[in-house]
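Q: I would like a close look at one part of this model, and then a walk through some other parts of the chain. Please keep it plain.

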Amino acid sequence: MTLEVHDLGIGDLVRGVSFDVARGERVGLIGESGSGKSLTALSIMGLLPEELAASGSVKLDGRELLGAPEKELSRLRGNDLSMVFQEPMTALNPAMRVGAQVAEPMRIHRNGGNQRAEALLDSVGLPGTSRAYPHQLSGGQRQRVVLAIALANDPKLLICDEPTTALDVTVQAQILELILDGVRERESALLFITHDLAVVASVCERVLVMLDGEIVEAGTTRDVLTAPQHEYTKKLLAASDLEAGR
Ligand SMILES: Nc1ncnc2c1ncn2[C@@H]1O[C@H](COP(=O)(O)OP(=O)(O)OP(=O)(O)O)[C@@H](O)[C@H]1O
């Protein structure tokens with residue numbers, strides 16, 4: 001799998017964004033609120049709000065996704081491409097048992113059903129919960145369900161947009177571990193959006209730094225966090241709890 005984003009633009013909100021992600025690679029996308037991280041991710045998924053249009057190119061294994069027919073994109077979503085958002089409750093159907101929600105993407109893409117759903121729920125640490133409704137679970141448990149859904153069809157690329165921001169610290173670490181295990185087992189690539197540098201340091205091999213709609217710095221996590229080049233990255237580091245770079 002290769003994801004090639006070239007000269008991505010979304011009005012003047014995102015400008016000239018280019019980067020690649022290779023199979024199994026874990027890439028962080030960091031930057032302050034409003035810098036264009038989520039819009040970049042949504043344009044890869046073909047989920048930009050209707051009033052926004054993307055220019056440039058987003059290729060998955062050589063296939064152009066920008067402007068691809070909705071039918072083709074919906075075949076990819078939940079299959080080759082999947083995404084975990086910050087707030088699990090908005091991603092789940094409140095009126096459907098979680099087992100059925102985990103089984104759904106597999107049914108749609110003809111990849112198995114209830115039994116695999118149970119196994120997936122087991123693998124994210126939620127054995128025996130398939131008959132529960134989302135409101136009966138904690139926030140961390142709901143995010144585990146969302147992750148099970150996102151991993152159900154062994155995606156080539158998993159995008160996580162601030163997946164642990166809404167959770168308390170001990171739960172955050174567990175969810176990060178599950179995300180890492182999930183992508184490693186499947187050799188899925190990971191694009192991980194966060195404003196938390198400590199999370200990037202523990203999860204990502206490479207990092208892209210966004211500021212005002214542009215990528216201002218990119219490199220290995222080690223290089224960027226120990227020897228930041230751009231003033232903005234230096235400021236981010238100084239404001240974080242990380243010792244690196246000081
Ligand atoms: N539908 C929209 N129409 C117009 N502007 C939008 C729309 N959605 C987002 N924006 C603007 O685009 C900019 C980038 O938003 P984006 O959500 O990508 O930022 P972000 O880096 O992900 O921030 P956060 O960390 O808060 O999610 C922001 O200024 C936002 O207000």
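In which helix does Leu236 lie, and is Leu236 buried or exposed?

A: This is a predicted model, and what follows is computed from it. Leu236 is part of helix α10, which covers residues 231–239. Leu236 is buried, because 23 other C-beta atoms lie within 10 Å and the cut-off for a buried residue is 20 or more. Along the chain, Leu236 and Ala100 are 136 residues apart, and 42 Å separates their C-alpha atoms.

Another helix, α1, spans residues 37–45 and is mostly covered, with seven of its nine residues buried. Those buried residues are Lys37, Ser38, Leu39, Thr40, Ala41, Ser43 and Ile44. In an α-helix there are 3.6 residues a turn, so residues three or four places apart point the same way. Just after α1 comes Gly46, with a positive phi of about 70°.

Strand β6, residues 81–84, is covered on both faces. In a regular strand the side chains alternate between the two faces of the sheet. In β6, Leu81 and Met83 are on one side, Ser82 and Val84 are on the other, and all four are buried. Strand β7, residues 157–161, runs parallel to β6 and is joined to β6 by four bridges. Leu81 has Leu157 of β7 as its bridge partner.

Two aspartates deserve a separate note on backbone angles. Asp7 is not a glycine, yet has a positive phi of about 55°. Asp7 belongs to strand β1, residues 2–10. Asp7 is exposed because 11 other C-beta atoms lie within 10 Å, and the cut-off for an exposed residue is 12 or fewer. Asp61 likewise is not a glycine and has a positive phi, of about 50°. Asp61 sits in the loop between β4 (54–60) and β5 (63–64). Asp61 is exposed too, with 11 other C-beta atoms within 10 Å.

To return to the part you asked about, Leu236 of α10 is buried, whereas Asp7 and Asp61 are exposed.

Definitions and conventions:
Residues are numbered from 1 along each chain as its sequence is written. This is a predicted model: local features need pLDDT of at least 70, side-chain atom pairs count only at pLDDT 80 or more; totals for chains, interfaces and linings use all residues. Two strands pair if DSSP finds at least two bridges between them.
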